Amino acid sequence: TQLRNQGRSGDAEASLRSAIAKAEEAGDQNLMTGPLYQLGGVLWSRGDLEGAEEHWKQALRLASKVGDERAQGYGYNGLAILAICRGQSLEARKHLEQSARLFEQLGMLGPLVIARGNLIELYMNTGILRKALVLADRTVAQADEVGHAQGAAVGRAWRSRCLITLGRNADA
């Protein structure tokens with residue numbers, strides 16, 4: 001993940017493939033979900049949508065099999081991003097809502113904010129403005145409640161965009 005964040009996708013891919021191989025050697029499927037998801041992200045960033053889809057689906061299948069809800073949330077988020085890239089807004093919405101639901105149940109506000117931000121953007125782009133605004137307000141409230149500055153900032157930014165789109169510039 002650090003290598004990918006540094007823009008070293010080739011090194012990241014090699015490390016992730018090594019991690020997957022070591023998890024297979026160890027026979028522990030719990031160790032595979034994270035690297036599979038991250039490898040899907042590396043492939044997606046290179047424009048390999050089919051490779052990303054294969055890895056995200058495999059990560060989601062394994063996460064479901066071993067009962068890792070955190071990894072399931074990430075898997076649904078990956079598939080949502082893929083659906084957005086393909087213009088499949090209903091599929092994307094379904095996956096983002098599932099991802100957000102899991103992250104909220106787990107109390108994982110960081111990934112929840114990202115899933116919600118993607119969902120708010122999707123709602124706005126498909127004309128579901130009321131739902132987008134309600135979700136932005138909810139994100140701000142939850143982030144403020146626990147002192148999650150990034151979540152509050154992201155929620156407020158989306159809230160402002162929603163209000164501007166609704167013509168409520170003074171409120172924005």
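**Note on the predicted model: helices, cores and rings**

1. In this predicted model, the buried residues of H3 are Thr33, Pro35, Leu36, Tyr37, Gln38, Leu39, Gly40, Gly41, Val42 and Leu43. With 10 of its 13 residues buried, H3 is largely enclosed by the rest of the structure. The cover over those buried residues includes helix H1 (2-5), H2, H4 and H5.

2. On the geometry of H3: its 13 residues reach 19 Å from the first C-alpha to the last, close to the 18 Å expected at 1.5 Å a residue. Just after H3, glycine 47 has a positive phi of about 90 degrees.

3. The largest nonpolar core has 19 residues, and those that touch the most other members are Ile20, Met32, Leu36, Leu39, Val42, Trp56 and Leu79. At least two residues of this core come from each of helix H2 (9-26), helix H3 (33-45), helix H4 (49-66) and H5. Another core, of 16 residues, lies apart from it; Ala83, Leu122, Tyr123 and Met124 are among its members.

4. Methionine 32 deserves a separate entry. Neighbours within four places in sequence aside, methionine 32 is in contact with Ile20, Ala23, Glu24, Gln58 and Leu62. One of these partners, Ile20, is also listed with methionine 32 among the core residues that touch the most other members.

5. Helix H5 has 17 residues, which should span 24 Å at 1.5 Å a residue; the end C-alpha atoms are 24 Å apart, in agreement with that figure. Buried in H5 are Ala71, Gln72, Gly73, Gly75, Tyr76, Asn77, Gly78, Leu79, Ala80, Leu82 and Ala83. These buried residues pack against H3, H4, H6 and helix H7 (109-125).

6. Glutamine 72 is a polar entry in the buried list of H5. Its relative accessible area is 12%, so it counts as buried, the limit being under 20%. Leaving out neighbours within four places in sequence, glutamine 72 is in contact with Leu60, Ala63, Ser64, Gly67 and Leu102.

7. Glutamate 13, in helix H2, is also buried, at 16% relative accessibility. Beyond its neighbours within four places in sequence, glutamate 13 is in contact with Leu39, Val42, Leu43 and Arg46. Of these, Leu39, Val42 and Leu43 are on the buried list of H3. Arginine 168 is 155 residues from glutamate 13 in sequence, and their C-alpha atoms are 46 Å apart.

8. Three aromatic pairs are present in the structure. In one of them, tyrosine 74 and phenylalanine 103, the ring centres are 5.0 Å apart and the planes stand at 65 degrees, so the pair is edge-to-face. Tyrosine 74 belongs to helix H5 (residues 69-85) and phenylalanine 103 to helix H6 (residues 89-106), so the pair ties together parts 29 residues apart in sequence.

9. A charge-over-ring arrangement involves arginine 161 and tryptophan 158: the charged end of the arginine sits over the ring of the tryptophan, 4.4 Å from the ring centre.

10. On the cysteines, the model contains zero disulfides. Cysteine 85 is partly exposed at 41% relative accessibility, while cysteine 162 is buried at 1%.

11. Alanine 170 is located in the segment after helix H9 (149-165). This alanine is exposed, with 81% relative accessibility. Alanine 170 and serine 160 are 10 residues apart in sequence, with 9.8 Å between their C-alpha atoms.

How values were computed
Residues numbered from 1 in each chain as written. Predicted model: local features only at pLDDT ≥ 70, side-chain atom pairs only at ≥ 80, totals over all residues. Heavy atoms only, no water. Phe/Tyr/Trp six-rings, centres within 6.5 Å; stacked < 30°, edge-to-face > 60°. Helix = DSSP H or I, 4+ residues; strand = E, 2+ residues; numbered from the N terminus. Lys NZ or Arg CZ within 6 Å of the ring centre and 35° of its normal. Disulfide = S-S within 2.5 Å. Buried < 20%, exposed > 50% of the residue type's maximum accessible area, 1.4 Å probe, protein only. Core = buried A, V, L, I, M, F, W, Y, C linked by side-chain atoms within 4.5 Å. Contact = heavy atoms within 4.5 Å. Expected span 1.5 Å × (residues − 1).
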